[in-house]
Amino acid sequence: MSPAPEEGRTLRLDLEYDGSGFVGWQDQAEGRTVQGTLASAMGTLLQEEAAPVGSGRTDAGTHALGQVAHARVRSSMEADRILRGLNALLPEDVAVLRVLDVPPGFHARYGALGKRYRYRIDTARHALGRHAVWTLQRQLDLEPMAEAAAGLRGTLDFRAFCKADPPPESYACRIDAAEWRRRGHRWSFEIEADRFLRHMVRALVGTLVEVGQGRRSPRRFLELLEGADRSLAGSTSPAKGLCLLRVRYPEEVGGASGPETLESPGAL
């Protein structure tokens, strides 16, 4: 049974969204945001002010299959009713996948154990799905890109691959997986880490594409992970090719978000 209204409760909400029509997750002075859209729907359904907190920001145009938010509410409405009610109120480009009651101390951002992102590139022009890929009509060589990506595993300095204003508390991130895959003209890069810096995945992809074009060797790429300046790395790839696949948490608070299989038909 859900807590009584006067006691309050913490909800975990797992979300999927098409970022094309948003200026990002985080509320801003102007523009449509995922956070603001979710807060509005929760306020209407629960008849109280809600302030959902996300596991992290996603940039304007970035998508998510496994974003996670938490919110402290007074309502005693059952979690499954909240799930159905929110999906009836939310626009078509946002969906709530799961609503869970979690302990009061749960925090979507600080409680995360790690995240996994996918970046997609299409080297052929298409009309359908263009909002979820970087269309790059150039030849790429998988072998050096895969070699460079394999060198990302471990705890490294990503100073050369992030937006430095404002500077992060630390440039160190532990990479657990980094891999390129190719199916015909469709390319994908998946990376999982304990934390990510702003624009980090997009800067990595932009630089790895230079490796695939023969403009930079895998060795020169990996040298950037020795505290190099951002100006020495490649350009930041477009946001629309990026998707937050999942966020990992301990099993006692619901485990990882996102689809059961990352190759599911609904995956961006």
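**Ground rules.** I am reading a predicted model, where local features need pLDDT of at least 70, side-chain atom pairs count only at pLDDT 80 or more, and totals for chains, interfaces and linings use all residues. Residues are numbered from 1 along each chain as its sequence is written, and side-chain values use heavy atoms, with hydrogens and water left out.

**Entry 1, charge.** I looked for surface charge and found a positive patch made by Arg 57, Arg 109, Lys 163 and Arg 198. For my own record, a patch takes residues with over 30% relative accessible area and no salt bridge, joining like charges within 9 Å. A salt bridge here is a side-chain nitrogen of Lys or Arg within 4 Å of a carboxyl oxygen of Asp or Glu. Each charge is placed at NZ of Lys or CZ of Arg. I then traced Arg 198 to the loop that joins strand 9 (186-193) to helix 4 (200-212); helices (H or I, at least four residues) and strands (E, at least two) are DSSP runs, numbered from the N terminus. Arg 198 counts as partly exposed because its relative accessibility is 37%; buried means under 20%, exposed over 50%, and partly exposed in between (1.4 Å probe, protein chains only).

I checked phi next. His 199 sits in that loop between strand 9 and helix 4 too, and its phi is near 65 degrees, a positive value in a residue other than glycine. With 22% relative accessibility, His 199 is partly exposed. Gln 47 also has a positive phi without being glycine, near 60 degrees. I placed Gln 47 in the loop between helix 1 (34-46) and strand 2 (53-54), and at 65% relative accessibility Gln 47 is exposed.

How many disulfides does a search of the whole structure find? The search returns 0 disulfides, taking one as a pair of cysteine sulfur atoms within 2.5 Å. Cys 162 is in none, and the nearest cysteine sulfur, that of Cys 173, is 8.3 Å away. Cys 173 is likewise in no disulfide. I noted Cys 162 as buried at 3% relative accessibility, and Cys 173 as buried at 0%.

I ended on Leu 90, in the loop between helix 2 (79-89) and strand 4 (94-102). Is Leu 90 buried or exposed? Leu 90 is buried, at 9% relative accessibility.

Terms used. Patch = residues over 30% accessible without salt bridge, like charges linked within 9 Å, V, L, I, M, F, W, Y side chains within 5 Å. Areas by Shrake-Rupley, 256 points an atom, 1.4 Å probe, with all protein chains shown as cover. Lys, Arg positive; Asp, Glu negative; His and termini not counted.
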